[in-house]
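Reader: I have a structure to read. Please show me how to go through its side chains.

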Amino acid sequence: MAPWLTVVGIGEDGFSGLGKQARRALLAATHIVGSPRQLALLPHCASAEQIHWPSPFSLEPVLALRGQPVCVLASGDPMFYGVGASLARQLPSSEMQVLPMPSSCALAAARLGWPLQDVQVVSVVARPLAALNAHLFSGLRLLVLSNDQHSPAAIAALLRERGFGPSRLQVFEHLGGPLERQLSGTAEDWPHADIAALNLVAIDCQASADAPRLPRVAGLPDSAFRHDGQLTKRDVRAITLARLAPQPGELLWDVGAGCGSIGIEWMRAHPCCRTLAIEADEGRQGFIEHNRDALGVPGLQLIRGKAPQALHDLERPDAIFIGGGVTGEGVLALCWERLRPGGRLVANAVTLQSEVALAQFRELHGGELTRIHIAHTQPLGSFDTWRQALPITLLDVVKPLDA
């Protein structure tokens with residue numbers, strides 16, 4: 001099928017800034033779909049029927065015109081956090097052509113003199129602002145696609161709260177157009193209130209001296225999590241995550257999630273990693289909701305329920321961690337059944353009964369049992385001595401591809 005859909009990236013300079021191919025496509029189209037702001041940039045000679053995106057947003061107006069000469073307007077580069085990417089998930093590439101313009105991020109990097117490959121881009125367009133928390137590291141440069149005119153002040157407040165008040169912010173309004181404007185300040189003392197709805201925020205991250213250090217590698221400090229003691233401790237958590245071996249795009253079941261520490265660190269390993277955290281206790285559910293936002297993974301999905309009953313209708317996972325409940329009737333068996341072939345199952349045990357359950361499971365399905373002993377120094381009078389934590393038995397097993 002020949003391309004019937006043309007996705008045109010348009011900048012703030014409007015129709016005059018487009019190339020010949022984009023202009024011809026717009027003038028030949030029978031329907032043009034876009035936002036009111038984008039459609040207002042078209043000249044009177046574009047006689048196509050103009051269609052506004054519906055609210056809530058849907059691709060249905062475009063897909064309903066399949067086969068007709070249709071143009072969709074997008075800001076800048078349609079395939080960079082744009083509607084082109086959404087359409088590409090619905091249509092084969094043979095049915096659409098994309099004509100990009102420089103993205104707002106490319107324009108901002110050019111204004112700032114920042115090499116774009118060294119910059120982290122984050123979108124908070126219709127996304128939780130808490131996602132920024134995963135990217136706050138001193139010396140890192142961020143370009144944040146704003147949701148609206150309130151985003152810069154909200155970002156500054158978040159930076160202050162997380163100990164990044166010295167960070168320098170630069171807000172770009174209407175990049176590439178006649179109304180372009182640049183506003184500057186620090187998060188500590190952000191002075192600007194009147195900001196255009198169409199803006200991008202550049203952040204040169206600088207942490208204050210007392211800001212907590214939260215590395216991207218597994219094993220965050222226990223103090224990074226709000227919990228009631230039901231927490232996989234730091235050293236054991238690092239070992240557990242190494243065995244779970246997160247890969248981009250993979251889904252983890254965190255069964256008996258407690259405060260959510262394993263599932264949260266799984267998602268911090270890569271932006272595409274996903275977690276379903278299964279937890280029955282209402283208080284711990286609150287800890288999970290707090291921790292996922294505070295540590296920058298608001299996309300973690302909380303499943304309120306108890307295993308195995310809560311597991312039946314969930315998407316099949318690539319990996320499963322069982323931190324509590326291995327002695328529950330049917331929990332290990334159902335987790336193994338639902339795990340994808342080639343997936344990893346890791347379970348931790350502290351009690352004798354849970355150790356027996358893991359040993360029996362290993363007899364049936366193989367895997368490796370590891371005993372973890374960790375001791376920490378504690379004072380004894382005027383001296384120090386070792387205090388042994390409860391030993392942990394860890395089961396690590398990979399499901400055969402032909403299972």
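Reader: Is F80 buried or exposed, or partly exposed?

Author: F80 is partly exposed, at 32% relative accessible area. Buried means under 20%, exposed over 50%, and partly exposed lies in between (1.4 Å probe, protein chains only). Y81 is partly exposed too, at 45%. This is a predicted model: local features need pLDDT of at least 70, side-chain atom pairs count only at pLDDT 80 or more, and totals for chains, interfaces and linings use all residues. Residues are numbered from 1 along each chain as its sequence is written, and side-chain values use heavy atoms, without hydrogens and water.

Reader: How do I read a ring pair?

Author: Two aromatic rings are described by the distance of their centres and the angle of their planes. Rings of Phe, Tyr and Trp (its six-membered ring) pair if their centres lie within 6.5 Å; planes under 30 degrees apart are stacked, over 60 edge-to-face, the rest tilted. The structure holds three such pairs. In one of them, F80 and Y81 are edge-to-face, with centres 5.1 Å apart and planes at 85 degrees.

Reader: Why is the pair of W336 and F361 edge-to-face?

Author: Their planes stand at 85 degrees, so the pair is edge-to-face; the centres are 5.4 Å apart. Both residues are buried.

Reader: What about disulfides?

Author: A disulfide is a covalent bond between the sulfur atoms of two cysteines. The cut-off is a sulfur pair within 2.5 Å. The whole structure has zero disulfides. For C205, the nearest cysteine sulfur is that of C105, 14 Å away.
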